[in-house]
Number of protein chains: 2
Amino acid sequence: MLKHIRIILCQPSHPGNIGAAARAMKNMGLQRLTLVEPEVFPHADATTRASGADDVLANAQVVASFEEAIADCQWLFGTSARMREFPWPQLHPAQGAQKILSLATLGQEVAIVFGTERSGLSNEQLQRCDYHLTIPTSPSFSSLNLAAAVQVIAYEIYQAWLGVNAQPKSPPADQFIDKATMDEVTGLLNHFEQTSIKIGFMDPAHPKKLIPRLKRLFSKAQLEKEEVNILRGFLKMVKQN
Amino acid sequence: MLKHIRIILCQPSHPGNIGAAARAMKNMGLQRLTLVEPEVFPHADATTRASGADDVLANAQVVASFEEAIADCQWLFGTSARMREFPWPQLHPAQGAQKILSLATLGQEVAIVFGTERSGLSNEQLQRCDYHLTIPTSPSFSSLNLAAAVQVIAYEIYQAWLGVNAQPKSPPADQFIDKATMDEVTGLLNHFEQTSIKIGFMDPAHPKKLIPRLKRLFSKAQLEKEEVNILRGFLKMVKQN
């Protein structure tokens, strides 16, 4: 369904940004890039910054006008940092990504449109859009780099796509732990206690909180069998000294 | 609370990436940048790409080693694209951002660590981290640009921050931990290593995986200052025997 989603960059000034945007797209499973009147393209800076996303650049559609770029799109999502004079349906990137994905899933042609580095999309362009996407930023420093904005939007789309495609996942890696049994942990605690007494670290008449503290530590660590073995091996060598 | 969060870039090769990372940070309300052995810095490319985030660059701390960078941090979040040999607590950026923010809210010093452009963080560096952050990407093209990765993580942190500030929540009680600093954990690891050698538990010529395993154990346990003191007290007594 990601194939129904395209990125449109309007009059990008810096070829480096085009390359970086292509890389950001491909990282997130997006392939279709349209460039409206790029100032310089193709260019070595674009290729360098694409860093392997050459296919996205090679297949990029270069067009002479915004109208041409959006002609066969069914839904337009315009990115905008600024509050505009007209109230418009405005979405957070995460909400927007859900919307975009649900449309693409239906086979609808969706475009996300980015404006120039200097001034973003024009009001006229924004008024063509069905929705505005606004990336929340620090009010005192709100202008994102063009490729960085593409990265954030592409990231949210890919996360939404993963969510939709969430197949029964293999359990997270930390569940493949060969966790020690309670018996094994108790054995370790006893071993620790005996050793502490032997080396004079704990006075059995006044044990203080040593063992409770160790219990808590081992519990937090979710000790595995191998870790119990390592620690007991260490304690065994202490006793022989 | 964002002031307790810093970004650490390890041996970045391209000054442009440093500048773009600074811009991405400032866009998302983050100010503290640490550079470990940058190949070239300062540099005109960094300043250009920072595009106004000059204060972040000017205040960047440049250090000679990873150890120095993390010394006074209490929590380390390592970014990693790859599955590693050890299972490790792994978080999606959105989950990670929640965690990072809840720690920073308590005044804990949190660092998010990014590796080199070419190969990311080393296994040794990743083993020092409390959590790994993995940005889900297309399996066929998974390597994000360094500044793009900083952008995604900073974006998620800022969204989490906006969320927290929209609905002031009281942090969960179990996070009031007086966590040990990385320096204190390093001290404990060194002490353990020396003691292991002294008692013949570890052959320095063939250390096997003892120290990495202990690093991982201590990381899982999220060691507190008092626990470090207890374990070092124990090790001190071992040495005297």
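Colleague: Which backbone nitrogen does the side chain of B:Asp130 reach?

Modeller: The side chain of B:Asp130 reaches the backbone nitrogen of B:Leu76, at 2.8 Å. This is a predicted model, where local features need pLDDT of at least 70, side-chain atom pairs count only at pLDDT 80 or more, and totals for chains, interfaces and linings use all residues; side-chain values use heavy atoms, with hydrogens and water left out. Residues are numbered from 1 along each chain as its sequence is written, while chains are lettered from A and ligands numbered from 1 in the order in which they are written.

Colleague: And which side chain does the side chain of B:Asp130 make a polar contact with?

Modeller: The side chain of B:Lys179, at 3.2 Å. A polar contact is a pair of N or O atoms within 3.5 Å; within protein, one must be able to donate a hydrogen and the other to accept it, and residues adjacent in sequence count only if both atoms are side-chain atoms.

Colleague: Where is B:Asp130 in the chain, and is it buried or exposed?

Modeller: B:Asp130 sits in the loop between helix 6 (123-127) and strand 7 (131-133) of chain B. Helices (H or I, at least four residues) and strands (E, at least two) are DSSP runs, numbered from the N terminus. B:Asp130 counts as buried because its relative accessible area is 4%. The cut-offs are under 20% relative accessible area for buried, over 50% for exposed and partly exposed in between, with a 1.4 Å probe and protein chains only.

Colleague: What does B:Asp130 touch?

Modeller: Leaving out residues up to four places away in sequence, B:Asp130 touches several residues, including B:Trp75, B:Trp88, B:Pro89, B:Met182 and B:Ser219. Contact here means heavy atoms within 4.5 Å.

Colleague: Switching to B:Lys225: which side chain does its side chain make a polar contact with?

Modeller: The side chain of B:Glu184, at 3.3 Å. B:Lys225 lies in helix 10 (residues 225-240) of chain B and counts as partly exposed, at 25% relative accessibility. Among the residues it touches is B:Lys179, the partner of B:Asp130 in a polar contact.

Colleague: Now the helices. At what angle do helix 8 and helix 9 of chain A pack?

Modeller: Helix 8 (residues 182-198) and helix 9 (residues 210-221) of chain A pack at about 145°, with their axes 11 Å apart. Axes are lines fitted to C-alpha atoms, for helices over the stretch in contact, and angles run from 0 to 180 degrees between N-to-C directions.

Colleague: Which residues of helix 8 of chain A make that contact?

Modeller: From helix 8 of chain A, A:Val185, A:Leu188, A:Leu189, A:Phe192, A:Glu193 and A:Ser196. The buried residues of this helix include A:Val185, A:Leu188, A:Leu189, A:Phe192 and A:Ser196.

Colleague: What about chain B, how do the axes of helix 8 and helix 9 cross there?

Modeller: In chain B the axes come within 11 Å and cross at roughly 140°. Among the residues that meet are B:Phe192 of helix 8 and B:Phe218 of helix 9.

Colleague: Back to chain A. What span should helix 8 have?

Modeller: Helix 8 of chain A has 17 residues, so at 1.5 Å a residue it should span 24 Å, and its end C-alpha atoms are 24 Å apart, which agrees. The expected span is 1.5 Å times one less than the number of residues. After helix 8 of chain A comes A:Gly200, with a positive phi near 80°.

Colleague: Last one: how many residues of helix 7 of chain A are buried?

Modeller: 15 of its 19 residues are buried. At the start of helix 7 of chain A, a side-chain oxygen of A:Asn145 comes within 2.9 Å of the backbone nitrogen of A:Ala147.
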